[in-house]
Every structure is written in C-alpha cells, then in structure tokens.
Amino acid sequence: MENRVLLVDGMALLFRHFYATSLHKQFMYNSKGVPTNGIQGFVRHIFTAINEIKPSHVAVCWDMGQSTFRNEMYSAYKQNRPEPPEELIPQFDYVKDISDQFGFINVGMTNYEADDVIGTLAKSFSKNNEVHIITGDKDILQCINEKVEVWLIKKGFNIYNRYTLTRFNDEYQLNPQQLIDIKAFMGDSADGYPGVKGIGEKTALKLIQTYGSVENVLSNIDKLTPAQRKKIESDKDNLTLSKRLAEIYTEVPLNSIEIYKDMAYAHSINHILSICNEHELYVSGKYISSKL
C-alpha cells in the first residue's frame with residue numbers, strides 16, 4: 001500500500017486567515033501581547049486537511065526571504081507587494097515553532113520559493129506515494145500528475161477546490177505543464193511580471209490549446225490574426241521571460257530521502273490540544289476538539 005504524503009504551503013494558510021480576520025481587527029493577542037490570528041487559521045486549516053487526507057507523512061513548506069533566483073532574471077519580480085503588517089511579522093517565526101511542536105517538518109531553501117520546494121518534493125515523492133498539496137496558489141496546478149492532486153483552500157476551513165489530473169484535463173483541455181505557457185501570455189500582476197499586453201486568459205488558453213506551447217505559437221505566428229500577431233511581436237521578449245518566471249522549479253537541491261524519513265507523522269488529539277493550550281490557541285483547540 002502506498003503512503004500518503006501531505007505537502008502544505010504554510011505561508012498561504014497563515015496569510016489567508018490573517019487577512020480574513022485582520023479586516024475586522026481580530027488579531028487574537030495572547031497574554032504576551034503577540035498576535036496569533038494567522039496562526040490560529042494555520043492550525044485549523046492543517047488539521048482539517050489531516051483529518052480528511054489522513055497522511056502518513058507531512059511537510060510544511062515556507063518561503064525563505066523576499067528575493068529568489070527569479071529576481072536575478074527580473075528585478076521587479078514580486079517587488080510590487082507591500083510590506084507585511086506589523087501584526088503579521090511576529091507570526092512568521094512563531095508559526096514555524098508551533099508547526100515543529102506539532103511534529104511537522106518545516107522545509108524551505110534560500111533563493112527558492114515555497115512553490116519550488118513543493119514542486120520538487122511532489123515530483124520526487126509521487127514516484128512511490130500519493131501526494132496531496134494544500135495551497136491557495138493556482139500556479140501549483142502545473143505540478144499535478146497521476147499521483148499528485150492539489151487542494152486549493154477556499155473560504156472556511158473545510159472546503160477545498162480539489163484538482164486531480166482528470167479534472168484538470170477536462171477543465172482546461174490541456175496538460176498541467178501547459179499552464180506555464182498560459183501564464184507566459186497572461187503575465188501575473190500579483191507577481192509583477194508582464195506577459196503580453198492585451199492577451200488575457202481566454203485568448204491565451206485558445207492559443208495553447210491550438211498550438212501547444214509558447215514556442216509553437218511563435219513558430220506559427222503567421223497563422224494568427226493581425227491583432228494577435230502585433231501584440232505578440234511587440235512583447236516577444238516579455239513573453240519568453242514570463243514563461244521562465246512562471247515555471248515552478250522542480251530541481252531544488254533538497255535531500256528528499258532524509259526529508260521523507262523526517263516527515264513520518266502520527267499524532268494524538270491530546271498532544272495537539274496540549275500544544276494549543278500552551279500557546280493560548282484556544283479558538284483552534286476548540287475547533288479541533290469538535291472536528292477530530
């Protein structure tokens with residue numbers, strides 16, 4: 001029987017609940033004056049996922065600083081994002097400490113994004129395991145294969161938008177890797193890279209469904225409409241750059257064998273609740289008691 005691996009985008013879970021509750025100034029300070037609202041959401045999300053997926057191995061993946069190898073390719077990459085709110089800053093390290101106490105292995109590598117770490121581990125582990133990825137970022141859909149499925153977090157703690165390879169193929173009429181080509185044309189305003197000005201998702205999808213890749217579109221540019229041809233020729237350099245930026249790097253130099261050994265996971269409800277109580281995560285503890 002195959003093991004079931006859970007890879008979690010830790011920052012996605014932390015940010016999602018921080019911004020959902022900070023909108024109403026619900027920072028949930030503990031007795032030391034440290035805000036815990038993002039951490040409370042992280043804890044609830046991850047244990048809801050564990051309860052549904054029942055993994056044998058768990059890793060939480062993290063970004064390690066703002067700059068990565070993509071900034072060397074394009075200095076403006078993700079540089080349009082505001083500084084994190086002061087209430088969120090102390091939660092970055094605190095959530096990793098709590099994650100460690102729960103028995104999760106925290107994985108990250110300088111110069112790479114959490115998506116690259118997730119993609120690398122998913123590629124490695126899916127050779128012999130089922131892999132489930134929890135994230136809020138649709139870019140990770142490019143990592144789906146027969147053994148990898150992605151659960152996108154939605155509003156609430158127990159509703160996920162689940163993508164298997166079959167669903168992705170049916171919905172997009174593409175293979176997951178071709179999502180990179182779609183993003184190359186569209187660009188990504190959140191990540192700060194341009195794509196081709198004037199080409200949105202609908203046109204990008206049609207182009208890739210027809211020609212298969214950015215390279216094949218360029219090879220067949222004379223077959224496009226005059227308007228499409230003009231836009232692409234004007235932004236050809238941005239198109240090729242954006243494809244490189246959009247691709248999740250799946251060869252991060254990680255020791256996946258050792259990581260896999262450390263990911264073996266078994267928990268007891270009493271252990272989980274004692275950690276919640278120790279860190280005054282009472283809202284999370286109450287939620288977990290009602291669900292597990």
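At roughly what angle do the axes of helix α1 and helix α2 cross, and within how many Å do they come? In this predicted model, the axes of helix α1 (residues 10-22) and helix α2 (residues 37-53) cross at roughly 125° and come within 7 Å.

**Helices α1 and α2**

- The crossing in which α1 passes α2 is right-handed.
- On the α1 side the contact is made by G10, L13, L14, R16, H17, F18, T21 and S22, while on the α2 side it is made by N37, G38, I39, Q40, G41, F42, R44, H45 and I46.
- Sorted by class, the residues in this contact of α1 with α2 are six nonpolar, nine polar and two charged.

**Helices α7 and α8**

- Helix α7 (residues 179-186) packs with helix α8 (residues 201-211) at an angle of about 135°, and their axes are 9 Å apart.
- The two helices α7 and α8 are therefore oblique to each other, and their crossing is right-handed.
- From α7 the contact takes in D181, I182, F185 and M186, and from α8 it takes in E201, A204, L205, L207 and I208.
- By class, the contact of α7 with α8 has seven nonpolar residues and two charged ones, with no polar residues.

**Helices α5 and α12**

- The axes of α5 and helix α12 (residues 256-263) cross at roughly 85° and come within 11 Å, and α5 and α12 are therefore roughly perpendicular to each other.
- Here L121, S124 and F125 in α5 meet S256, I259, Y260 and M263 in α12.
- Sorted by class, this contact of α5 with α12 has five nonpolar and two polar residues, with no charged ones.

**Nonpolar cores**

- In soluble globular proteins, nonpolar side chains tend to be buried together.
- The largest nonpolar core of this model has 50 residues, and the members that touch the most other members are L7, L121, F125, I133, F185 and I232.
- Helix α5 (residues 114-125) gives this core its largest share, which is six residues.
- Leaving out residues up to four places away in sequence, L7 touches A59, I118, L121, A122, F125, V131, H132, I133, I134 and M263.
- Another core, of 35 residues, lies apart from the largest one, and its members include V8, F42, I50 and I288.

**Two lysines with positive phi**

- K25 is placed in the loop between α1 and α2, and its phi is near 60°, a positive value in a residue other than glycine.
- The relative accessibility of K25 is 65%, and because exposed means over 50%, K25 counts as exposed.
- K54 lies in the loop between α2 and β2 (57-61), and although K54 is not a glycine, it has a positive phi of about 55°.
- K54, too, is exposed, with a relative accessible area of 58%.

**A buried asparagine, N71**

- N71 is part of helix α3 (residues 69-73), and with a relative accessible area of 13% it is buried, because this value is under 20%.
- Not counting residues up to four places away in sequence, N71 touches Q66, Y77 and Q79.

- G212 is placed in the loop between α8 and α9 (214-219), and at 24% relative accessibility it counts as partly exposed.
- Not counting residues up to four places away in sequence, G212 touches Q178, D181 and L207.
- K291 belongs to helix α14 (residues 282-291), and with a relative accessible area of 42% K291 is partly exposed.
- K291 and T48 are 243 residues apart in sequence, yet from C-alpha to C-alpha they are 7.5 Å apart in space.
- Leaving aside its neighbours within four places in sequence, K291 is in contact with N51 and N158.

How values were computed. Residues are numbered from 1 along each chain as its sequence is written. This is a predicted model: local features need pLDDT of at least 70, side-chain atom pairs count only at pLDDT 80 or more; totals for chains, interfaces and linings use all residues. Side-chain values use heavy atoms; hydrogens and water are left out. A nonpolar core is a set of buried Ala, Val, Leu, Ile, Met, Phe, Trp, Tyr and Cys residues joined through side-chain atoms within 4.5 Å. Buried means under 20% relative accessible area, exposed over 50%, partly exposed in between (1.4 Å probe, protein chains only). Helices (H or I, at least four residues) and strands (E, at least two) are DSSP runs, numbered from the N terminus. Contact means heavy atoms within 4.5 Å. Axes are lines fitted to C-alpha atoms, for helices over the stretch in contact, and angles run from 0 to 180 degrees between N-to-C directions. Angles under 35 degrees count as roughly parallel, over 145 as roughly antiparallel, 65 to 115 as roughly perpendicular and the rest as oblique. A crossing is left-handed if the near helix is turned anticlockwise from the far one by less than a right angle, and right-handed if clockwise. Ala, Val, Leu, Ile, Met, Phe, Trp, Tyr, Cys and Pro count as nonpolar, Asp, Glu, Lys and Arg as charged, and the others, Gly among them, as polar.
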